[in-house]
Amino acid sequence: MRDLHELSALEQARAVRDQVVSPVELARHYLDRIERIDPRVGAYVTVTAERALDQARHLEKELPDGPLAGVPIPVKDLNLVKDVPIMFGSATYREFVSPVDDTVVERLRDAGTVMLGKTATPEFGLPCYTETALSPPARSPWDPATSAGGSSGGAAAAVAAGLAPAAQGSDGAGSIRIPASVCGLYGIKPTRGRISFAPIIPDLAGLSTNGPIARTVADAAALLDVMTHNTPGDHYLAPPHEGTFLEAARREPGRLRIARHADPVVPGAVVEPEVLAAYEEASATLAALGHEIVDIVPSYGPDLVPHFVTLWCSFACMHPVADDKAGMLRPLTAWLRERGFATPAPTFLQAQAALQLATRAALAATADYDAILTPTVTQPPRPVGWFEDVDGPEETFERMSRFAAFPALYNVTGQPAVNLPLHWTDGGLPIGVMLAGRVGGEDTLISLSAQVEAARGGFWGERRPPLW
């Protein structure tokens, strides 16, 4: 038998059901790897070893039905887990312990998954890199000198390093797809309203959603099945879908019409040659599988960027911070909050209205396509510290915006989008590409992704980072 961390999440669940391995053995295997390897990658901000083993012992006595029962799945430190510290990536919350579970955490527990701990996230989930005052930077296992991205950087680092078979993440402007790209993983941002943020976290503008990060399409689909739910009071409801997402990963997509473009909407953003190579490689792969590939002009212009920035700065103000702790905020967070607090309510509403108007036009313009292919980010993975190696937080924000110039569009529209780990540089660094689908069209994206994965030999060619 292969080492346990070599197995996919679904293979691990099957081994547990068949009593080839126990949930306790599986949890201990990962806890041992976390102790040995995590100091090199910074995936976890809190390890809940005793809690994980208690959950695993309970599952040895009573294993629920479900595709991931017995499998360890960590939770991002932006999500509430009752009686476990949650710091939201901020030193201002260092002593805070969650009073309740998020409903998505309840879903994970009811499905029989084991929580190994809380994965690292940047302060309030705002940056696209994970560097905080709380714990070491989250680093890509492919090259620990490079960032694991953000804001689900710890989740991606954990999965890529074999410190978890899959992970829960969240995505408000690319926060699943960016880390998946720089860590060589498959990540899904579901349709807006597919997964509730209840009971406390609001879904005001619908930019953010929970979602899965995994090594394989089927693992991510199974985790999406577990996480999918709604709660009374949710502002958004995704269109219903038939069957399970895991079933979608096991069927052919048929011949699809796929639009593509590599033009970033952010002024000054430049798509570097290695990223264009990944984009062209993905296009060729999709064409070879029989899909129709059509070049299109982007439906959005740079005039929409300031409206999105208005929302982003305003949402940076959502976490209460006591006056005597405000000096503990990181410079970027403080700068974003200063701008947010200075935004009048009518300006915020006008920005949201402008984005909704543009969304309606864009969805109509791309309605004839089953999917849209773009780069995920504009550059290869960046060194740890690179985003802040500039003259102040405004320049940091500009670097972030130019690097992550593609993903936020689909947070605005609410469309599902995935990162495909199809390309590695000559230096061995992963570069992903992004596929977006119709609203409610996760099934098609998952079927198409599984077809591409199979064409690459499964497990995306069985690639492993050096420290694996």
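Select helix α11 (residues 331-341) together with helix α13 (residues 393-403), whose axes come within 9 Å and cross at roughly 90°; the two helices are therefore roughly perpendicular to each other. Here axes are lines fitted to C-alpha atoms, for helices over the stretch in contact, with angles running from 0 to 180 degrees between N-to-C directions. Angles under 35 degrees count as roughly parallel, over 145 as roughly antiparallel, 65 to 115 as roughly perpendicular and the rest as oblique. Helices (H or I, at least four residues) and strands (E, at least two) are DSSP runs, numbered from the N terminus.

What you have open is a predicted model, in which local features need pLDDT of at least 70 and side-chain atom pairs count only at pLDDT 80 or more, while totals for chains, interfaces and linings use all residues. Residues are numbered from 1 along each chain as its sequence is written, and side-chain values use heavy atoms, with hydrogens and water left out.

**The α11 contacts**

Show side chains where the two helices meet: Pro331, Leu332, Trp335 and Leu336 in α11 are in contact (heavy atoms within 4.5 Å) with Pro393, Glu394, Thr396, Phe397 and Met400 in α13. By class, this contact has seven nonpolar, one polar and one charged residues, where Ala, Val, Leu, Ile, Met, Phe, Trp, Tyr, Cys and Pro count as nonpolar, Asp, Glu, Lys and Arg as charged, and the others, Gly among them, as polar.

Glu395 also has its place in helix α13, and with a relative accessible area of 36% it is partly exposed; buried means under 20% relative accessible area, exposed over 50%, and partly exposed in between (1.4 Å probe, protein chains only).

**The nonpolar cores**

Which residues does Phe397 contact, leaving aside its neighbours within four places in sequence? They are Val309, Trp312, Leu332, Trp335 and Leu336.

Of its 88 residues, Tyr44, Leu116, Leu163, Leu185, Leu336, Phe397 and Phe403 touch the most other members, and the largest share, eight residues, comes from helix α2 (residues 23-41). Another core, of 64 residues, lies apart from it, with Ala111, Leu224, Phe245 and Ala249 among its members. In soluble globular proteins, nonpolar side chains tend to be buried together.

Move to helix α4 (residues 103-110), in which Thr103, Val104, Val105 and Leu108 are buried. The buried residues of α4 pack against β2 (75-76), β4 (166-171), β6 (209-214) and α7 (217-227).

α4 is followed by Gly112, whose phi is positive, near 85°, and whose place is in the loop between α4 and β3 (117-119). Is Gly112 buried or exposed? At 0% relative accessibility, Gly112 counts as buried, and, not counting residues up to four places away in sequence, it touches Leu59, Pro64, Leu68, Ala69, Gly70 and Val71.

**Backbone stops in the loops**

Select Phe124 in the loop between β3 and α5 (153-160); its phi is near 55°, a positive value in a residue other than glycine, and at 8% relative accessibility Phe124 counts as buried. In contrast, Gln19, with a positive phi of about 60° although it is not a glycine, is exposed, with a relative accessible area of 73%; look for Gln19 in the loop between α1 (9-17) and α2.

Two cis peptide bonds complete this part of the tour: one from Gly150 to Ser151, with omega near 10°, and one from Ala198 to Pro199, with omega near 5°. Ser151 is found in the loop between β3 and α5, whereas Pro199 is in the loop between β5 (186-189) and β6.

Notes. A nonpolar core is a set of buried Ala, Val, Leu, Ile, Met, Phe, Trp, Tyr and Cys residues joined through side-chain atoms within 4.5 Å.
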